[in-house]
Amino acid sequence: MASSSARPLSRGAACLPCRKLKAKCDGNKPACGRCIANNRPDDCEYAVGGEVTRSRLLEENIALLEARIRELENPAEAPSVRLHDPRRQSDATAGPSRSGHPEISSMQLCPPAMPPPTGSISPPTPQEGQLLLQTFMANASQVGFFLNPARFVQAMSLPRQAPGAVSESLVNAVYLWGSRWSTSNTLRAKEAYFCRNAVQAVSGTTFFAEPMAPSNGALYTIQTEVLLGLYFMATGRSLEGKYHGVAAIALTMGSKLHQLDAVSLARAGMDPVSIGEKIHAFWAVYAMDKEWALALNLSPSICQRGRSAVRVTTPWPLSVEAYEQGIISARRGFNYLIDDYMRGLIDDSGDEFSRLAIRAKATALCDSALYLSSMYRNDIPNRGEWLAQFTALDNAIERFHRQLAAIRNRGVEDMREMVVSRTFACVAAIQLHSVFASHQPASRQKSLSVAIASARALDVIDLNQCRHLEPVIAMYWPIICKVLIEEIGRLRASAAGVRPEDFTIITSSLDRIMGAMAHFSQTSPLMASNLAEIQQLRAAAQR
């Protein structure tokens, strides 16, 4: 077949990705040559006449999901809304809902259809499924997996229609990550197949207008949405990633997982492991919301400030092992709120070790730093109050750093989490001091010191034993690298003498982080693209 690139395209006939980049498009369908060459055929789409594109459908459903979250956060203020497929005609015969709104009784999650993968792909054999599961479980903690590992593996072995079996959508989401991480070319070739199956299977999820009971089915759906959200973020498809992430948040809030009472659940007969899964589900979604909001410069969906603030009463997560031992409450005997922790009103140094609790606190610190720094103005009213909040948060970040630095000689998974959470805490400090760093030496030095500390944090893991890391870290390391590059440029331009050892510490710290980025770039396109940007910045600073 002759290529359509032989003749010029009419105005507006290029695919949307090429139009966005202002790049030459050959107009081939279903995917143009440029999108195929960039290994992004699924993103290639054309807007013809009044046709609704996948991107527009995603944007509209994201808006509806966010409206649903606001309704769940403030049920007395927001009208009930429904997710829908804009391509479908509304049902004029729909009756009134239980909430009293004639519009709906439920919301149907309908993501735009994904194009089928090219070629013929067969379902995985039982042996391939086992390999995919093993590969996934080895790195599951880095992609928001919150279910009990032993129970999950057991449930995966059940026939698909058996009670307690894992949902089809979650099976495919697990296989999706397993295929992406696999060293087998045969299994990696199935990645697009599992992606399409997972998206299609989860699209039948119903979001009820009334709050839902946090059942296993709801947990499986939340877990699927988390895995899909992180997958699309990690592969550079941020709009689809945001869509599935917001869907996970909407279902989490609808299930009231942010207001769990572990003791009441135990008295009602729920076993400790199931209680732990629900607690972990909320905090995993909470952490995902906060960490990606800062990375993408967005407002988090779980609002904790102003009139729309959500009061989180779910207890901080314990370790998986604690719930397996029948423990549902921390040793301290009472729960404490996020705000109390941020203000330094709680001494958590004696709390039990929990990777997820550490991650949640690290992302909460990032969120608070971003919010507080965004509020600063030279003429800010109540400047004294703002400075008091600045000092309290700065102290909380410093205390968190000291606690993590003291953790030693734990397992590979635990130390991998230390690297991720310390990186978040370093970025929190940099973000907080960004309002003063350009003109106050103390804030500039604080940013530099935490950037160096972030490089030193890498000493606790052996990169040869760690092929994968939390995807969003690819967005955080560049922030730290830029601090180091700017300091190198400042020292080069300084008329005052610079001690060689100071310069060496900064350059070696930059080398350490960029070396880690290069290591993880082998399996992370997002890391590779951000590393390329940092390499360009460093090269420009050295000229």
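This is a predicted model: local features need pLDDT of at least 70, side-chain atom pairs count only at pLDDT 80 or more; totals for chains, interfaces and linings use all residues.
**Overall make-up**

The protein is built with 21 helices and 2 strands. Its chain has 543 residues, and 51% of them count as buried. The exposed surface comes to about 25100 Å². Carbon and sulfur atoms supply 52% of that area. Among contacts with a separation of 6 or more, 71% link residues 24 or more positions apart.

**Confidence**

The average pLDDT is 82. A score of at least 70 is reached by 80% of the residues.

| Residues | pLDDT | Contacts in the model |
|---|---|---|
| 1-6 | under 50 | 5 contacts beyond four places in sequence |
| 78-113 | below 50 | 89 contacts beyond near neighbours in sequence |

**Helix H10**

Helix H10 runs over residues 238-254, a total of 17 residues. From its first C-alpha to its last, H10 reaches 24 Å. That is close to the 24 Å expected at 1.5 Å a residue. Is H10 mostly covered or mostly open? It is mostly covered, with 14 of its 17 residues buried. Lys256 follows H10 and has a positive phi, near 60 degrees.

**Thr363**

Thr363 sits in helix H15, which spans residues 355-375. Is Thr363 buried or exposed? Thr363 counts as buried because its relative accessibility is 1%, and the cut-off for buried is under 20%. Which residues does Thr363 touch, leaving aside those up to four places away in sequence? They are Tyr286, Ala287, Lys290, Glu291 and Phe424.

The largest cavity holds about 150 Å³ of space. It is lined by 16 residues. Closest to its centre are Trp181, Leu469, Pro471, Thr523 and Ser524.

Which elements give two or more residues to this lining? They are helix H6 (168-181) and helix H21 (525-541). H6 provides the largest share of the lining, 3 residues.

**In short**

The model has 21 helices and 2 strands, with an average pLDDT of 82. Residues 78-113 have pLDDT below 50. H10 is mostly covered, and Thr363 in H15 is buried at 1% relative accessibility. The largest cavity, of about 150 Å³, draws the largest share of its lining from H6.

Note on methods
Residues are numbered from 1 along each chain as its sequence is written. Side-chain values use heavy atoms; hydrogens and water are left out. Helices (H or I, at least four residues) and strands (E, at least two) are DSSP runs, numbered from the N terminus. Buried means under 20% relative accessible area, exposed over 50%, partly exposed in between (1.4 Å probe, protein chains only). Contact means heavy atoms within 4.5 Å. Accessible areas come from the Shrake-Rupley method with a 1.4 Å probe; for residues, only the protein chains shown count as cover. pLDDT is the predictor's confidence in each residue, from 0 to 100. The expected span of a helix is 1.5 Å times one less than its number of residues. On a 1 Å grid over the protein atoms alone, a cavity is a set of points where a 1.4 Å probe fits but cannot get out, and a pocket is an open set with protein on both sides within 12 Å along at least five of seven lines; lining residues have an atom within 4 Å of a point. Grid points are joined across faces, edges and corners, and a volume is the space filled by probe spheres set on the points.
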